[in-house]
Amino acid sequence: MHIGLVSPAWPADHYANGIVTYVHHLRGELLKQGHRVSVFANEIGSTNTDFEIYQIAPSIMQKIGWRFHELLRGPTHYPFSWGNAIASTIRRIHHTNPIDVIEMEESFGWCAAVQRRVGVPVVVKLHGPAHLTLIGAERSTAFGRTRLSREREGLKRMSAIISPSNSALTPTLEKYGLTPKVCRVIPNPLAIDECVPLWDLKSCAKKTILFVGRFDQLKGGDTILHAFKRLLEVDKDLKLIFVGPDRGIISDQGTCISFANFRDALFTRSQIADLDYLGQVSRDNIVELRRRAHITVVPSRWESQGYTALEAMIQGCPVVAFATSGLNEAIEHEQTGLLARPGDVDDLCQQILRIMRDPALGQTLGERARRSVLEKHSPAKIAEATIDVYHDAISAR
């Protein structure tokens, strides 16, 4: 079977993009099982030499059209036009090297253009549906309204929809009144690196908390700072390492508050010394930071599944998260991690302190978490389930 996978970028070397990580792991296992896989990416790393990785290239006429729409509707229209460029690139390859099925995410309704123009069965993998990930004022902006509209129209055309969690699938089906012929929950795969250093209670930095994710509302960058402020009132020796890009927090007035401004308004000068903001760092550095930290905290307001949590769990790290969305399905409270009530900062602090005060509990949770991920997120198992969906999508088509 020749499978086309659409990815925002290639290679998958950036921790912050879950869909890139997903495509990277899935492709590797599909190749092992003897399938042909072509990846279509907006960006391709300069070191890539794989002849079956294709950069999405808009035509001159498409670029002219984009410029026209930008002048007419503003620069925020640009992402919605990208579906035609994806479709054109896939069509060009499909004419000489026929593709049997295409898998892509739901973003910006791109799937509608691909389904209409390529004529190949399309399987949509829910990654971050806009109706679940747009928060607060974002939903009422022109960009937010257009994104929701394009998402709805795109998904309504799909006969095959899969999702890593029920938390993403069921609300999406209900929101848009969808009844796809093929509909299934398939967890995201996680490649097992036998050489990855595992968390160890004896060598970790006691009282060090790690957060990996964007500084924005969706990933809970603001929440972890509020929680850390309260934790310092209990134990002034705690440390927080914050890793991730600064996307800013949108205030009620619509202004964007940067990490530095948010931090400086919340903490005293002496407290800021206990907060280490590293920005974006390499995946290898994150692996080492997880191993060294006492606890990894994932306070996301919503996750389709949450690679940040899964990658920490596979290293055997103690994880504390909110009991929300896909995190509630990936983590079993008091078995493979600790879950706090959604949005309850005080409860999040209490769960963190439980592990700080009972290190043995953290070690037990980490060991169980690793075994759980190895069992439920095996790339071989996930690839087999995904291939079954591809066959069903082709039959339904």
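**Reading the model, feature by feature**

A: Start with Glu 334, which is partly exposed, with a relative accessible area of 38%. Bear in mind throughout that this is a predicted model.

Q: Where does Glu 334 sit?

A: Glu 334 is in the loop between α13 and β15 (338-340). Look at its backbone too: phi is positive, about 65°, although Glu 334 is not a glycine.

Q: Which loop holds Ser 325, and is Ser 325 buried or exposed?

A: Ser 325 lies between β14 (319-322) and α13 (327-330). Its phi is also positive, about 45°, and Ser 325 is not a glycine either. Buried means under 20% relative accessible area. Ser 325 has 10%, so it is buried.

Q: Why does Arg 214 count as buried?

A: Apply the cut-off of 20% again. Arg 214 counts as buried because its relative accessible area is 16%. Its place is the loop between β8 (205-212) and α8 (221-234).

Q: Which residue makes a polar contact with the side chain of Arg 214?

A: Asp 216 does, side chain to side chain, at 2.7 Å.

Q: What does Phe 108 touch?

A: Leaving out residues up to four places away in sequence, Phe 108 touches Pro 79, Phe 80, Phe 143, Arg 147 and Arg 150. Phe 108 belongs to the loop between β4 (101-105) and α4 (110-118). With 15% relative accessibility, Phe 108 is buried.

Q: How should I read a nonpolar core?

A: In soluble globular proteins, nonpolar side chains tend to be buried together. Here the largest nonpolar core has 46 residues. Leu 5, Leu 30, Val 123, Ile 331 and Tyr 390 touch the most other members.

Q: What are the contacts of Ile 331?

A: Setting aside residues up to four places away in sequence, Ile 331 touches Ala 309, Met 313, Val 319, Ala 321, Thr 336, Gly 337, Leu 338 and Leu 339.

Q: And how do I find empty space?

A: Rolling a probe the size of a water molecule over the atoms shows where empty space is left. In this model there are 4 cavities of 30 Å³ or more. The largest cavity has a volume of about 40 Å³.

Q: Which residues line the largest cavity?

A: The lining consists of Gly 18, Ile 19, Tyr 22, Lys 125, Leu 126, His 127, Pro 164, Asn 188, Ser 304 and Tyr 307. By class, 5 are nonpolar, 4 polar and 1 charged. α1 gives the largest share, 3 residues.

Q: What is the volume of the second largest pocket, and how many residues line the second largest pocket?

A: The volume is about 380 Å³. The lining has 18 residues. Nearest the centre lie Ala 191, Asp 193, Val 196, Arg 283 and Val 287. The lining divides into 9 nonpolar, 4 polar and 5 charged residues.

Q: Which helices each supply at least two residues of that pocket's lining?

A: Look at α1 (18-32), α11 (283-292) and α12 (307-314). The largest share, 4 residues, comes from α11.

Terms used: Residues numbered from 1 in each chain as written. Predicted model: local features only at pLDDT ≥ 70, side-chain atom pairs only at ≥ 80, totals over all residues. Heavy atoms only, no water. 1 Å grid on protein atoms, 1.4 Å probe; cavity = no way out; pocket = protein on both sides within 12 Å on 5 of 7 lines; lining within 4 Å. Points joined across faces, edges and corners; volume = space filled by probe spheres on them. Nonpolar A, V, L, I, M, F, W, Y, C, P; charged D, E, K, R; others polar. Core = buried A, V, L, I, M, F, W, Y, C linked by side-chain atoms within 4.5 Å. Buried < 20%, exposed > 50% of the residue type's maximum accessible area, 1.4 Å probe, protein only. Contact = heavy atoms within 4.5 Å. Polar contact = N/O pair within 3.5 Å; in protein donor to acceptor, adjacent residues only side chain to side chain.
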